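Here's a quick briefing for anyone meeting this structure for the first time. Have a look at the sequence and the model, then read on.

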Amino acid sequence: MYVLLNYRHIPYINGVVTLSRLPVIVAQGGISPAGRSSGFHGYHRLVFDRLAAEQQKKTLTAIARLRGLDNNTPADALLSGTLIRQLETNLFDNNALYYHQPLKAAEGSELILPKRRLPNPLPENWQVEELADGRNVRVRFSGLQSLMLPSTRAGIVNAAGQLPSGFDPADLYQSRNHPRSLAMTVYGASDALQSSGLDWLLLKEKLSPEQIAVYSGSAMSQLDYNGYGGMLKARLMGKRVTSKQCPLGFAEMSADFINAYILGSLGNTGTSMGACATLLYNLQLAVNDIRSGKRRVVIVGNSEAPVTPEIMEGYSTMGALATDDALRKLDGLSAETPPDWRKACRPFAENAGFTIAESSQYFVLMDDELALESGAEILGAVADVFVNADGYKKSISAPGAGNYLTVARAAALGRAIMGEEALRHRSFVQAHGTGTPQNRVTESHILNETARNFGMDNWTVTAVKSYVGHSIGVAAGDQLMSTLGVWHQGIIPGIKTIPDIAEDVHHSHLDISRDHKEMDPSQMAMSLINAKGFGGNNATALVLSPDVTRDMLKAKHGEQTLSSWQQGYENTARRQEDYECAQLSGEARPIYQFGEGVLEDDDLEYTNQSIKVPGYGRPVDLDVKNPFWSF
């Protein structure tokens, strides 16, 4: 219980406020169509045209390292391989998508097959004759025979948010046929941990195993050929299922990889899934853990690689993706004219669907006391994450009422922490902003009604999907990456892909800006990050700026503690700079400790009062009290 005499924005109850632990964001990392998240490079790509020359040079160097290109490569050539763009051929050829065309072979038709390819048992209407070479057979059909003819077709969607051209995270470590999103996990989580500037061995000396948690997953699991995708279609393609495709396809496998190969954690783990709100669901787990005191460090994030023919066909069949023909129609182009794939995602404008994307975003959260003690960087804090379902629905994929509750609850908490003035004039919204006709109407109405009821006349709204596309379960991570960048650079990215706001968009109390807005970071106290997912999965996070976070920590812990933290952070900053230099020089590599540090049974010091695990300064306490009432 603390008396916050120095923090005027927090209301008092009888002069005293009881505060839970504050979940402080101390590191971010990852890879998206915008580039590397650490060092704010991914964010800088969004606002590249507003950066100073020196910062532009660093951003171009970061992109060049990812793409394996020389620093002398022209800026336009470097930038063209980022953000939303025409589908490339590194994953598949969208002009030659493989499928089987069914056909009927007439009675008496015949074909030649390798003897080893004969089905067992033979179909009843097959007559088989072995050929002289002994390796092949002639098959004659005594009736109509159904066959599947290998064929190809062109995809109807050619825009996607892809990782920077030429970058493959699997090339940076011994990936051993890992599904793409798991390779992205290794890169993204490593980037977050290494860019933190913290000594993780020393940090573990302050903790027991159960004080660390990892929450990460993929909303759609691993559906490329090395995961579930291959397991489901290998036999249909005449191939064999491998021993890795099933286990590596699990949705929570990215958390498992972080524990087993990156962090070596024995703490809590898993993922909470909520379609396109999945990252915020995981963030809610982290916030609840830290606020309650159960965990002191949580790595939270998601990795998604949905740029596959099957997933894209699934969403386009629903009418959810912006097809080439629909984009041409929006711009009045002829059938022969290529659409502007760069502007495929158009939130709050006349639009035709969302643009699928791949991304991997990770964040390290600590409780406020540990963040100060360890000299960690303070990027901001997550006050809370609110999740609400939609209730009864007509269509499971249609939006509903739940998101009104999540946004209103987040706004109300912002008002409670910072006051009316801060909410009305010093907050902004990271909209879900998918670029679909339905979303532009429903989300704009939610935000507009929230603004009207809470007294905002011109609430700033931005939508990062206009740059990087929709990465499904990671989407809110892209939004959080952009939000942290706003407080670093002071520029709210404009929605530059839209010519105007659609007539059916509600914006009487909103500022849906088409151009970047330069702001004093100290005047942007908080951000609401909104996410909506199929099935009625709604979530909104309230994120506090670094300045607000430091003010809260100063009020709670005192000036002297903040001064000590500042001294510790100087060492952290030096290690961060070392990592950044290694990245820009091409020397940095992801953490991947395969088979290293594996604990055996006799490594544990095990009694009925505690378990001491090597590498951790504190044991697991088994002398627990009954948490319930006695009887």
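What follows is a short tour of some charged pairs and a nonpolar surface patch. Keep in mind that this is a predicted model. The salt-bridge count comes to 32, and a few of those pairs get a closer look here. As background, side chains of opposite charge can pair when their charged atoms come close.

**Arg440 and its two partners**

- Let's start with Arg440, which forms a salt bridge with Glu350, their closest N and O atoms being 3.7 Å apart.
- Glu350 lies in the loop between helix H10 (324-331) and strand S13 (359-367), while Arg440 is in helix H14 (residues 437-454), so this pair ties together parts that are 90 residues apart in sequence.
- Arg440 also forms a salt bridge with Asp504, and here the closest N and O atoms are 2.9 Å apart.
- Asp504 sits in the loop between strand S17 (491-492) and strand S18 (510-512), and Arg440 in helix H14, so this second pair ties together parts that are 64 residues apart in sequence.
- Is Arg440 buried or exposed? Arg440 counts as buried because its relative accessibility is 7%, and the cut-off for buried is under 20%.

- The side chains of Lys496 and Asp515 meet in a salt bridge, at 3.6 Å from N to O.
- This pair links distant parts of the chain: Lys496 is in the loop between S17 and S18, and Asp515 is in the loop between S18 and strand S19 (517-518), 19 residues apart.
- Lys496 counts as partly exposed at 34% relative accessibility, and Asp515 is partly exposed with a relative accessible area of 36%.

**A nonpolar patch on the surface**

- Leaving charges aside, Leu266, Leu599, Leu604, Tyr606 and Leu622 form a nonpolar patch on the surface.
- Together, these five residues have about 450 Å² of accessible area.
- One of them, Leu604, lies in the loop between helix H18 (559-584) and strand S22 (605-606).
- Leu604 has a relative accessible area of 31%, so it counts as partly exposed.

Notes: Residues numbered from 1 in each chain as written. Predicted model: local features only at pLDDT ≥ 70, side-chain atom pairs only at ≥ 80, totals over all residues. Heavy atoms only, no water. Patch = residues over 30% accessible without salt bridge, like charges linked within 9 Å, V, L, I, M, F, W, Y side chains within 5 Å. Areas by Shrake-Rupley, 256 points an atom, 1.4 Å probe, with all protein chains shown as cover. Salt bridge = Lys/Arg side-chain N within 4 Å of Asp/Glu carboxyl O. Helix = DSSP H or I, 4+ residues; strand = E, 2+ residues; numbered from the N terminus. Buried < 20%, exposed > 50% of the residue type's maximum accessible area, 1.4 Å probe, protein only.
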